[in-house]
There are 2 protein chains.
Amino acid sequence: MSLIVQKYGGTSVGSPERIRNVAKRVAKFKAQGHDIVVAVSAMSGETNRLIALAREIQSSPDPRELDVMVSTGEQVTIALLAMALKDLGLKAKSYTGAQVRILTDSAHTKARIVSIDEERMRADLDSGHVVVVAGFQGVDAEGNITTLGRGGSDTTGVALAAALKADECQIYTDVDGVYTTDPRIVPKARRLKSITFEEMLEMASLGSKVLQIRSVEFAGKYKVKLRVLSSFEEDGEGTLITFEEEGKMEQPIISGIAFNRDEAKITVRGVPDKPGIAYQILGPVADANIEVDMIIQNVGAEGTTDFSFTVNKIDYDKAMKILQDVQKHLGAREVIGDSSIAKVSVVGVGMRSHVGVASQMFRTLAEEGINIQMMSTSEIKISVVIDEKYLELAVRILHKAFQLDQEV
Amino acid sequence: MSLIVQKYGGTSVGSPERIRNVAKRVAKFKAQGHDIVVAVSAMSGETNRLIALAREIQSSPDPRELDVMVSTGEQVTIALLAMALKDLGLKAKSYTGAQVRILTDSAHTKARIVSIDEERMRADLDSGHVVVVAGFQGVDAEGNITTLGRGGSDTTGVALAAALKADECQIYTDVDGVYTTDPRIVPKARRLKSITFEEMLEMASLGSKVLQIRSVEFAGKYKVKLRVLSSFEEDGEGTLITFEEEGKMEQPIISGIAFNRDEAKITVRGVPDKPGIAYQILGPVADANIEVDMIIQNVGAEGTTDFSFTVNKIDYDKAMKILQDVQKHLGAREVIGDSSIAKVSVVGVGMRSHVGVASQMFRTLAEEGINIQMMSTSEIKISVVIDEKYLELAVRILHKAFQLDQEV
């Protein structure tokens, strides 16, 4: 008998019929003798509906009030799932983030979990209840409702598993696991039986969109056994996220090709090259709670330097505005931005012990005449920024060049 | 400078445009120097949408979970109204029932308010905020979300006014006050400038539907100055609910004709006539949280008695089932029910000092051949149960007979 935390995304609970199916799956695990805690997202489309409604009132909705509003999406789902479980004769109880309570900081619309009170859940499990928790939301120390930002339900699932020391955290989604790349772009993309935590981290952060990055970080930090599965498939095995030490000795060189269309790049040109400029440029951006992904600094002309970074497209206008102030203050020559870019990355723990991955990547892109605008590397990935229009082409030729369509 | 509690119903906040209008009205009062607390309902149609969704999962939704779900309706409205107020440059803050906190008992879907913590609201008012509170909902001592039942937002408004010792509680609705009867049935119905608390109580409980009965009871108990106004009319005066001692010396005999289509009648025939039978019949009904309105006991044949009462149509099936058990237990002859009835009442504090109201009422109905099935009287009202199909006719002829279409 294990304690399993299951997380179901928006499409998995997108209709009453699907919610009933989730209840049946939960009942199956419960019948096997497991204790089950379920975290759920809002029904698909609901969060967008609520945000659109808010925008009809305020073009840029007040973050505290937006959280009050958007959090209702998951609140509806927990009630419906608890009803569906009771309809199957199970004992079940729903909790909002505030009720659990999932304590977060006060950064509305992108709050971070500080702690989870497991006492009520533990008591419910002990008395045979299935515990249903609203994903994506929490409450700050003053009792204000907060949300964790898009995809935050995954983080809720993993955080619940960590707090309860669950045996496994199962993330149910509309795909049956992690693929070598997006099958919509490369039909020959394969499902990976397992992937290391570090690869998954790079895949998620680079836009594979299967799991939210923070949930994977959380899983790594608390050593939560994480599995991605399809909620539409009976008895699928999904993809297990392993920690490197448990992994196979022989790793494939490259596990997958990740990509992200949601970034924009900003370059500050002609910055006087003095210590502390990176902080002076990125400090105000961070203060505005804008997340920065790639950061690159090139040597410029005559004691100046060029500084580039990427942000989420959503934050692009705000970041440009901030940078225009920074430019004056720093005496930089100009600030230029481009939001029609895409990032493509090759990811794999095997890369560490193999030279030649970078050169193969660059040759492959060059052969198709795709220009590399920015580049950054880590131990297990190489990312390039290219013109958005070449994205699909780049993913396809890289998938082929690294022989990802062939079973290892 | 006064402290005013305003309550806006579902149609008043039925669209983003209407929410903006509510914000403008609040701003006008705020500009006059008043402190404002606003209680709001769910956007019109939303509660029904949520209940329908719940019924797709469970034909008879679990009450605890239904409250979790339905309470999201007001939660969306408070956020939208707070955004609209901020958009006008006001300081505003929204609170769910749980956040305020509005402590209730644990009778899910029809909870009663136990206490309201005014501390947070008072602090917000002191710092110049408009406080926006979700109507209809609260939280029990264990932190479970509860709702007050249909129309409970009025009760929230009055309870907030009582807790904050507000100078006035303004209930904004889609009618501009209390009428002598429903203008949809009698076009000549007139708006009353004022009505006594007792008349209002009878009018509301008898189905005038302008205010929920519990809110009027609350107002009476805590001497809250209550005014019903239209949210679609600039500068209307609405109808003020007065307490009798403040009323005019000369009261009109009859203030209005109320009616209710939502009741069903149940008769237990041939009950052995012993002490305690009323309790034995109605005790189990009350235990099931079913509210009973009219209660009549007639002498029957041979040491037996006939016992009739009315319940809400929603509770009819449940009540009939309970009564069938009671029947066996009591050895009563039979239980019969009829859900196609309607109740019509004439209401007026002036009735006390005038004889002849009852006889005028009965004569008027008799002249049109309308049979009276049940009858009950109080100091300020006379109610009759008639066949549902005669309802409109009865209201029209009584309105005319008591000259309610003429200004007093």
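Just after helix α9 of chain B, which spans residues 213-221, B:Lys223 takes a positive phi of about 50°. Helices (H or I, at least four residues) and strands (E, at least two) are DSSP runs here, numbered from the N terminus. This is a predicted model, in which local features need pLDDT of at least 70 and side-chain atom pairs count only at pLDDT 80 or more, whereas totals for chains, interfaces and linings use all residues. Residues are numbered from 1 along each chain as its sequence is written, while chains are lettered from A and ligands numbered from 1 in the order in which they are written.

Within α9(B), the buried residues are B:Ile213, B:Arg214, B:Ser215, B:Val216, B:Phe218 and B:Ala219. A residue is called buried if 20 or more other C-beta atoms lie within 10 Å of its own, exposed if 12 or fewer, and partly exposed in between, with the C-beta atoms placed from the backbone.

Helix α12 of chain B, residues 357-367, has B:Val357, B:Met361 and B:Leu365 as buried residues. Seen down the axis of α12(B), these fall within an arc of 65°, so they line one face of the helix; the arc is that of the directions from the helix axis to the C-beta atoms. The face turned away from this buried side carries the exposed residues B:Ser359, B:Arg363, B:Ala366 and B:Glu367. The partners against which the buried residues of α12(B) pack are the strands β20 (341-347) and β22 (381-387) and the helix α13 (391-401), which belong to chain B. Just after α12(B), B:Gly369 has a positive phi of about 75°.

Some backbone geometry in the loops also deserves attention. Most residues other than glycine have a negative phi, and most peptide bonds are trans. B:Phe136, in the loop between β6 (130-134) and β7 (137-139) of chain B, has a positive phi near 75° although this residue is not a glycine, and B:Phe136 is buried, with 30 other C-beta atoms within 10 Å. In chain A, A:Asn289 is likewise a non-glycine residue with a positive phi, of about 65°; its place is the loop between α10 (277-287) and β15 (292-299), where A:Asn289 is partly exposed, with 13 other C-beta atoms within 10 Å. A cis peptide bond, with omega about 0°, joins A:Val100 and A:Arg101, and A:Arg101 lies in the loop between α5 (97-100) and β4 (102-104) of chain A. In chain B, a cis peptide bond with omega about 0° joins B:Val100 and B:Arg101.

How are the two chains arranged? A rotation of 180° with 0.0 Å of shift along its axis superposes chain A on chain B, with an RMSD of 0.1 Å, where the superposition is by least squares on the C-alpha atoms of residues with pLDDT of at least 70 in both copies. The two copies are thus related as by a two-fold rotation axis, and of the residues of chain A it is A:Thr72 that comes closest to this axis, at 2.7 Å (C-alpha).

At the interface, 29 residues of chain A are in contact with 29 residues of chain B, contact being defined as C-beta atoms, placed from the backbone, that lie within 7 Å. The helices α1 (16-31), α2 (46-57), α3 (63-70) and α4 (72-87) of chain A each supply at least two residues of the side that touches chain B, and α4(A) gives the most, with 11 residues. 100% of the interface residues of chain A are also interface residues in chain B, so the copies meet through the same surface.

Terms used:
Two residues are in contact if their C-beta atoms, placed from the backbone, lie within 7 Å.
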